[in-house]
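Thank you all for making the time.

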Amino acid sequence: MLGTLCSLITALTCVTGVTVVTQKPSVVTVRRGETATMDCNLGTVTGYSARWYKQVPGGVPQYVLKFHHGSSSVEYGSGFSSPKFTSTHQSKTDYRLIINNVEETDSAVYYCNTWDNSVNEHMLGTLCSLITALTCVTGVTVVTQKPSVVTVRRGETATMDCNLGTITASAARWYKQVPGGVPQHVLRFRNGWSSVEYGSGFSSPKFTSTHQSKTDYRLIINNVEETDSAVYYCHTWDGSVNNVVFGQGTKLIVTGSTLPAPVLTIYPPSSNELKSNKATLVCLVSVSQMSMGFADVIWMASGIPVTSGVSTSTAVQQPDKSFQISSYLAIETSDWKQDKVYTCKVSVGSSASEKIIKKSDCGTEE
């Protein structure tokens, strides 16, 4: 079972290894009902499977399938099966993911992954996005992380915890992901081990891990810098279902000083929209460069939080280095005409701003 995700941000440090996993094309655009295909080359790796993961914006990576050129069949992750998903190989290093009868819910970024035994590390390809919402993956264990957000100043120490649920015999792995970037393997650690195993580009004493029990692990990042800002995912292997299970992610925000409050502009529905039953409110958010684009947006109607009908974009950096986020709330036209009060509230670390809007304050034409 996968939890919900809080996002995190910074610049991407490329992971290097002996092999380079490449994917093509970078974008696949198909219509509903068609077949989508994407290819993966494992570089110098010939003896290990190609694994595929699916990730929707703001979502947790989901294990789709794995296939080896010597296998007679494909092994699937929870929630994925044939004939919808399948895989073929053209050589010992070339694999293809095939998604049949695509739906809008198949739209996501699909990552190809393999194991490079020469460096004891999982290697991820560059992302391949499929343009065509998220089907939840369930599993026997539930991996949970806390807190959902960590905000620290440059030079301080950041810690985040992970509970592996029913898993006691597998290691806890940590991955770092910046918005739009490929997940990077930070480290893995298991109770009973004398030392931590690191991914390429990560080492002690900057990064380390401890355990409080056979299921409870902690990631520790010392002397943090702004470039450590990211979403950190904990994951483990559930052998009872042969599936990789991820936690919901912890967002780390590193700042050099107190973050400025977000600047909000809220827009009413257009006069054309108000002629129909549905209308849209738009909250335009500007956050500082120091925030690295991480912000949480909440909509409220008459003081009550609303989740249905909310759509929020990822952060886009502007020429002045600030970040802009757009959030939309779909409402009933009748509620707007009854002068219901709507609030857009945005928080970045400990700084927050909010703005309200209602029909009587706007003079919206009908």
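Let me begin with the aromatic side chains, where the count comes to eight aromatic pairs, and please keep in mind throughout that this is a predicted model. A pair of aromatic rings is described by how far apart the centres are and by the angle of the planes. Take Phe 80 and Phe 85, whose ring centres are 5.1 Å apart and whose planes stand at 80°, which is over 60 degrees, so this pair is edge-to-face.

The next pair is Tyr 175 with Phe 246, and here the ring centres are 6.4 Å apart while the planes stand at 55°, so the pair counts as tilted. Where in the chain do Tyr 175 and Phe 246 lie? Tyr 175 belongs to strand S15, residues 172-177, and Phe 246 to strand S21, residues 243-246, so that the pair links distant parts of the chain, 71 residues apart. Tyr 175 and Phe 246 are both buried. They also take part in a cluster, in which ring pairs link Tyr 53, Tyr 63, Tyr 175, Tyr 233 and Phe 246.

Let me now turn to the charged side chains, for which the count comes to 13 salt bridges. One of them joins the side chains of Lys 66 and Glu 75, with an N to O distance of 3.7 Å, and Glu 75 counts as partly exposed because its relative accessibility is 39%.

Another salt bridge is formed by Lys 84 and Glu 103, at 3.4 Å from N to O. Lys 84 sits in the loop between strands S6 and S7, whereas Glu 103 sits in the loop between strands S8 and S9, 19 residues apart. Is Lys 84 buried or exposed? Its relative accessibility is 19%, and since buried means under 20%, Lys 84 counts as buried, whereas Glu 103, at 40%, is partly exposed. Lys 84 and Glu 103 are linked together with Asp 106 in a network of salt bridges.

Glu 226 itself, with a relative accessibility of 22%, counts as partly exposed.

Note on methods:
Residues are numbered from 1 along each chain as its sequence is written. This is a predicted model: local features need pLDDT of at least 70, side-chain atom pairs count only at pLDDT 80 or more; totals for chains, interfaces and linings use all residues. Side-chain values use heavy atoms; hydrogens and water are left out. Rings of Phe, Tyr and Trp (its six-membered ring) pair if their centres lie within 6.5 Å; planes under 30 degrees apart count as stacked, over 60 as edge-to-face and the rest as tilted. Helices (H or I, at least four residues) and strands (E, at least two) are DSSP runs, numbered from the N terminus. Buried means under 20% relative accessible area, exposed over 50%, partly exposed in between (1.4 Å probe, protein chains only). A salt bridge is a side-chain nitrogen of Lys or Arg within 4 Å of a carboxyl oxygen of Asp or Glu.
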